[in-house]
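Here is a short report for a reader new to this structure. Look at the sequence and the 3D view first, then read on.

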Amino acid sequence: MSAGTRRTGRPSTPVLDREVIVRGALDLIDEVGAGGFSIALLARRLRVRPSSLYNHVKGRDDILAGVRELVADPIDAGAFDLLPWDEALISWARLYRAAFAAHPQTISLLATIPVSGAHRTLRMYESVVAGLERGGWPTASVIPVMVGVESFVLGSALDLVAPPAMFDPGPDTPQVPRFAAAVHARDEVSAVQGRSAADLAFEVSLAALVEGLRVRLTAEIASRRG
């Protein structure tokens, strides 16, 4: 090979940076689930030694903070700057559900680890809190409201990816005729409206949840004035 000739082709060592590591972690969790995720397995997937990861990330918590950011990035909280708090909350809940339904394996993992380090996600939460406070919610009530909505949304995200026949009693139908009839009636409405059963359940429950919060806020404002 002449002196001026440069080798071409695939590098012997994969190009590694934090973005590659975090995206690799999300892909791995999507495939093997939260219980199967490990630093060692991630390193094998990326074709590097585990120690190489620590040149770009601080450790497991840092990787999972990045995973949280990737999952939550589509959850736009900008509506809280433009709409009344209740309308913004509905928009936020729909985006939140869609984001986690795209990565359901992350739900059990991210729901049980601190949000610290997920800077983009924290800025999203900051917008939600500011919007709720502008809507009249007292600061002490904001996080309970937000967490309550999140809990509902995450359950709904799992329902969205559950088998369509989840509530079909099958051969047990004669033992539960009222339940079976209710499921059948639900399915008929779903077919007529062209919406999945999961979407029907989500929208009716979201409307009821937000209506309940409106009533609660009105009562809180009245109690402060009294």
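How many residues does α10 have, and how far does α10 reach from its first C-alpha to its last? The helix has 29 residues and reaches 43 Å. That is close to the 42 Å expected at 1.5 Å a residue. Keep in mind that this is a predicted model.

## Helix α10

Which residues of α10 are buried? They are Ala198, Leu200, Phe202, Leu206, Val210, Leu213, Leu217 and Glu220. Several elements cover these buried residues, including α5, α8 and α9 (177-193).

## Helix α5

Now turn to α5, one of the elements that cover the buried residues of α10. The 17 residues of α5 should span 24 Å at 1.5 Å a residue. Its end C-alpha atoms are 24 Å apart, which agrees.

Twelve of the 17 residues of α5 are buried, so this helix is largely enclosed by the rest of the structure. Among them are Trp85, Asp86, Trp92, Tyr96, Arg97 and Phe100. The alanines Ala88, Ala93, Ala99 and Ala101 are buried too. Leu89 and Ile90 complete the list. What do the buried residues of α5 pack against? They pack against α4, α6, α7, α8 and α10.

## The nonpolar core

In soluble globular proteins, nonpolar side chains tend to be buried together. Here the largest nonpolar core has 58 residues. Leu42, Leu53, Ile63, Trp92 and Phe100 touch the most other members. Which element gives the largest share? It is α5, with ten residues.

Take Leu42 as a close-up. Leaving aside residues up to four places away in sequence, Leu42 touches Ile21, Gly24, Ala25, Leu28, Phe37, Leu53 and Ile63. Two of these, Leu53 and Ile63, are also named among the core members that touch the most others.

## Aromatic pairs

How many aromatic pairs are there? The count comes to six. One of them joins Phe80 and Trp92. This pair is edge-to-face, at 6.4 Å centre to centre, with 70° between the planes. Phe80 lies in the loop between α4 and α5 and Trp92 in helix α5, so the pair ties together parts that are twelve residues apart in sequence. Phe80 is buried, with a relative accessible area of 3%. Trp92 is buried as well, at 1%.

Another pair is made by Phe152 and Phe202. Their ring centres are 5.5 Å apart and their planes are at 0°, so the pair is stacked. It links distant parts of the chain, with Phe152 in helix α8 and Phe202 in helix α10, 50 residues apart. Phe202 is buried, with a relative accessible area of 2%. Ring pairs also link Phe80, Trp92, Tyr96 and Phe100 into a cluster.

Where does Arg97 lie relative to Phe202? Arg97 lies over the face of the Phe202 ring, at 4.3 Å from the ring centre. Arg97 is buried, with a relative accessible area of 7%.

The side chain of Arg97 also meets that of Asp199 in a salt bridge (2.8 Å, N to O). This pair links distant parts of the chain: Asp199 is in helix α10 and Arg97 in helix α5, 102 residues apart. Asp199 is partly exposed, with a relative accessible area of 26%.

Side chains of opposite charge can pair when their charged atoms come close. In this model the count comes to twelve salt bridges. One of them joins Arg94 and Glu203 (3.0 Å, N to O). The pair links distant parts of the chain, with Arg94 in helix α5 and Glu203 in helix α10, 109 residues apart. Arg94 counts as partly exposed at 42% relative accessibility. Glu203 is partly exposed, at 22%.

Arg23 and Glu19 form a salt bridge (2.6 Å, N to O). Being four residues apart in helix α1, they are separated by about one helical turn. Arg23 counts as partly exposed at 45%, and Glu19 is partly exposed at 39%. Glu69, Asp73 and Arg120 are linked in a network of salt bridges.

Note on methods: Residues numbered from 1 in each chain as written. Predicted model: local features only at pLDDT ≥ 70, side-chain atom pairs only at ≥ 80, totals over all residues. Heavy atoms only, no water. Core = buried A, V, L, I, M, F, W, Y, C linked by side-chain atoms within 4.5 Å. Buried < 20%, exposed > 50% of the residue type's maximum accessible area, 1.4 Å probe, protein only. Helix = DSSP H or I, 4+ residues; strand = E, 2+ residues; numbered from the N terminus. Contact = heavy atoms within 4.5 Å. Expected span 1.5 Å × (residues − 1). Phe/Tyr/Trp six-rings, centres within 6.5 Å; stacked < 30°, edge-to-face > 60°. Lys NZ or Arg CZ within 6 Å of the ring centre and 35° of its normal. Salt bridge = Lys/Arg side-chain N within 4 Å of Asp/Glu carboxyl O.
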